[in-house]
Amino acid sequence: MVMEIEKNRKMQYSVVHVLICLCILGVNFSLAGKRGKKGRKCGPWVFEPCIPKNGICGKGFKNGTRMAPSDGSKCHAGTKTKKFRCNVPCAVTNHADARCKYKKRQWTACDLATMSMNNTMILKKGPANCPSTKTIIKKCKKNRGKGINACKYRKTSMWSKCNVKRNVKKMTLTLKKGDITKCPRVKIISKKCKIKGKNKFGKAKKKKDCKYTNSGWSLCDNTSGLQIKELTLVTGDHTKCSANKTFTRKCKNEEIHLIHNFMKLGKQCKKPKPAWRIRKRKRKRLNRHYGCRYLRGVWSECNATSLTKRRTDTLNHNVAATCQPTRIITKSCKLKCRYEPGSWSECTEGKKTRVMTLRAGSSAGCTTEKKIHRKCKVKLGASRCSFGRWGDFGACQNGVQKKTRQVLSGGYRCQRKAVKTKQC
């Protein structure tokens with residue numbers, strides 16, 4: 001038994017050894033075949049002239065052949081033919097060809113006569129037949145009042161009378177701000193006229209002979225479900241035009257729905273009345289049964305000493321005899337005091353005063369004089385601005401009128417508050 005087991009083991013080892021040897025031999029043969037393929041040399045490709053698809057130049061195809069080597073070595077493919085893509089260059093007839101590339105430079109200033117600007121570009125790269133420089137022209141951008149070089153104008157005249165033939169009116173503007181070399185000093189603008197009795201196409205409007213006032217639609221009638229609108233004649237011939245016109249229409253569903261809801265809710269839909277109105281109504285009810293009712297009199301003039309005015313009310317004849325025949329009501333006066341502003345005095349001990357005198361037509365209880373005190377210096381230490389009275393506006397110059405007032409104290413920093421301007 002032991003001998004048989006040993007024989008079997010030896011047989012297994014020998015079979016494994018044979019399989020390993022076969023694998024090694026197969027790998028060596030495959031490597032040798034690959035080396036043989038790489039080592040074989042084929043001849044170079046020979047191309048025919050390129051034939052473009054459309055026309056004389058452009059993209060197309062060309063045929064290529066590869067011959068076997070002349071030295072006798074074997075090529076695995078032998079002779080071979082194949083199609084290849086190609087391109088036939090077109091002749092440069094225009095300097096604006098894509099192969100001529102230029103570098104842009106700074107644009108010139110806008111020419112107001114032609115409203116255009118130029119840019120001379122220099123050749124960056126390209127074939128020998130490309131020109132060294134190239135100029136391009138473009139229109140100037142419209143200046144809309146933005147930036148440093150903006151042109152700003154002011155009105156120097158009103159709109160002219162309408163030209164009936166052209167239906168146009170004009171206005172002249174003068175330069176207010178901007179560069180004189182780039183902006184014109186005088187500018188004329190125009191627009192279409194609006195003529196009364198004519199529409200936007202210039203044709204006469206149809207006049208209405210009868211004109212009525214529109215009172216609007218009435219509230220919806222819950223029973224009939226209709227609304228009524230009445231028109232009354234304002235202008236027109238009474239013989240041709242009717243004095244009144246009435247129109248009816250059906251109520252909208254929303255309005256009918258609201259009316260039904262309001263009738264269902266009743267008092268809940270009404271706004272709550274304020275408390276003061278409820279108290280006033282209660283007081284009136286009590287006065288009807290128990291109180292005294294008076295007829296109001298006229299207020300007297302204001303008393304200068306007490307600054308009060310009086311009113312005497314007389315008893316109503318329908319009230320019982322227990323009430324007093326008259327009653328007197330007093331009330332404080334509202335004085336109408338108007339003063340003329342005086343000029344400020346000079347500074348004494350860091351203060352200045354202004355005396356205001358009473359104008360004519362003021363109330364009798366007003367004081368004749370009124371004094372106002374103010375500090376001469378502000379918190380930062382500078383003197384406060386004080387001015388005299390305003391003068392009248394001067395003559396119109398460059399579309400502007402000006403008026404000034406005298407600076408009494410405060411110095412040069414107060415000058416800007418001493419001048420007022422307006423357009424004329």
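This report covers the disulfides and one loop asparagine of a predicted model.

## Disulfide count

A disulfide is a covalent bond between the sulfur atoms of two cysteines. With a sulfur-sulfur cut-off of 2.5 Å, the count comes to 10 disulfides. Three of them are described below, by their cysteines.

## Cysteine 110 and cysteine 140

The sulfur atoms of cysteine 110 and cysteine 140 are 1.9 Å apart. The torsion about their S-S bond is about 110 degrees, so this disulfide is right-handed. Cysteine 110 sits in the loop between strand E5 (101-103) and E6, and cysteine 140 in the loop between E7 and strand E8 (152-155), so the pair ties together parts 30 residues apart in sequence.

Cysteine 110 is partly exposed at 29% relative accessible area, whereas cysteine 140 is buried at 14%.

## Cysteine 337 and cysteine 366

Cysteine 337 is joined to cysteine 366 with an S to S distance of 1.9 Å. The link is left-handed, with -85 degrees about the S-S bond. Cysteine 337 has a relative accessible area of 32% and is partly exposed; cysteine 366, at 10%, counts as buried.

## Cysteine 385 and cysteine 414

For cysteine 385 and cysteine 414 the S to S distance is 1.8 Å. The torsion of -75 degrees makes this link left-handed. The pair links distant parts of the chain, 29 residues apart. Cysteine 385 is buried at 18% relative accessible area, and cysteine 414 is buried at 0%.

## Asparagine 129

Asparagine 129 lies in the loop between strand E6 (116-125) and strand E7 (133-139). Its relative accessibility is 46%, which counts as partly exposed. Asparagine 129 and cysteine 100 are 29 residues apart in sequence, with a C-alpha to C-alpha distance of 9.1 Å.

Notes
Residues are numbered from 1 along each chain as its sequence is written. This is a predicted model: local features need pLDDT of at least 70, side-chain atom pairs count only at pLDDT 80 or more; totals for chains, interfaces and linings use all residues. Side-chain values use heavy atoms; hydrogens and water are left out. Helices (H or I, at least four residues) and strands (E, at least two) are DSSP runs, numbered from the N terminus. Buried means under 20% relative accessible area, exposed over 50%, partly exposed in between (1.4 Å probe, protein chains only).
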